[in-house]
Amino acid sequence: MIGRLESAATRFVEGWSARLFRTRLEPVQLAKRLIRAMETNRTIALERTFVPNAYALVLAPADHGRFAPFQKSLERDLAESLLGAARDRGYTLIAYPEVALESDRALRAGEVRVSCALVDVAGAPIEDAGSLGSAHGATTVLDRDVLHAVRVVPTAWLEEHGRSRTLGPEPFVIGRDPRSDLVLDDPRVSRHHAEIRPRLGRHTIIDLGSLNGTRVNGRRVSEAALAEGDRIEIGPDAVLFHTADAR
């Protein structure tokens, strides 16, 4: 029974992982670890079984680097795996599951650490599942389109040359390409340089493989969680990150 459910829940990643990865640690194993964490951290309230919707999947640097070229697709597929597992088991999700792949030098190749939390639509951890009655009712929310509509989206914006640019639920792209959300017209800026997106109740900036790199407060980063007042440096330009939580 368990084997059948896990097979169904990981159908989004199983096919291409076998073709692309020949290492000991494969995406299907990551999906199973996430599902195990979801089951271990379920909470029963209001005659429903609530499960976490925010997950951090921490890998050794070597494994994280191996998955890096496919990270965004992998995170999305792992979230779909969690959604499928919750649907199969009749669990309740209050928001679309978010998965973030992270790296920790303390881990050895093949080791995996999973952290998860039940997070409300404002990005705050929910300590008492009983409080979900007034805010969310007792309806199981498992429809994919509905869950997309209620994903955790912290209120935040960028300050650039005195102008404010609001960050929404979708990735905010910065680059030289005229179609970018923030266009920086300088040859030192890549066409698709970096993007900012909500992740686990915070905003994270991700360098998109740019030539000259992305810096936060003077430190070059491949990705970093942003905090109030952080200075994002791309080429010769700098923008400030602000969040409503700091008001």
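I started with Asp-186 and Arg-188, whose side chains meet in a salt bridge at 3.0 Å, N to O. I count a salt bridge when a side-chain nitrogen of Lys or Arg is within 4 Å of a carboxyl oxygen of Asp or Glu. Asp-186 is buried at 12% relative accessible area, while Arg-188 is partly exposed at 46%. For these words, buried is under 20% relative accessible area, exposed is over 50%, and partly exposed is in between (1.4 Å probe, protein chains only).

A note on the source: this is a predicted model, where local features need pLDDT of at least 70, side-chain atom pairs count only at pLDDT 80 or more, and totals for chains, interfaces and linings use all residues. Residues are numbered from 1 along each chain as its sequence is written, and side-chain values use heavy atoms, with hydrogens and water left out.

β8 runs parallel to β9 (residues 182-183), joined by 2 bridges; strands pair if DSSP finds at least two bridges between them. Gly-175 has Val-183 as its bridge partner in β9.

Then I checked Asp-177 and Arg-191, which form a salt bridge with closest N and O atoms 3.0 Å apart. Asp-177 sits in the loop between β8 and β9 and Arg-191 in the loop between β9 and β10 (194-199), so the pair ties together parts 14 residues apart in sequence.

Note on methods
Helix = DSSP H or I, 4+ residues; strand = E, 2+ residues; numbered from the N terminus.
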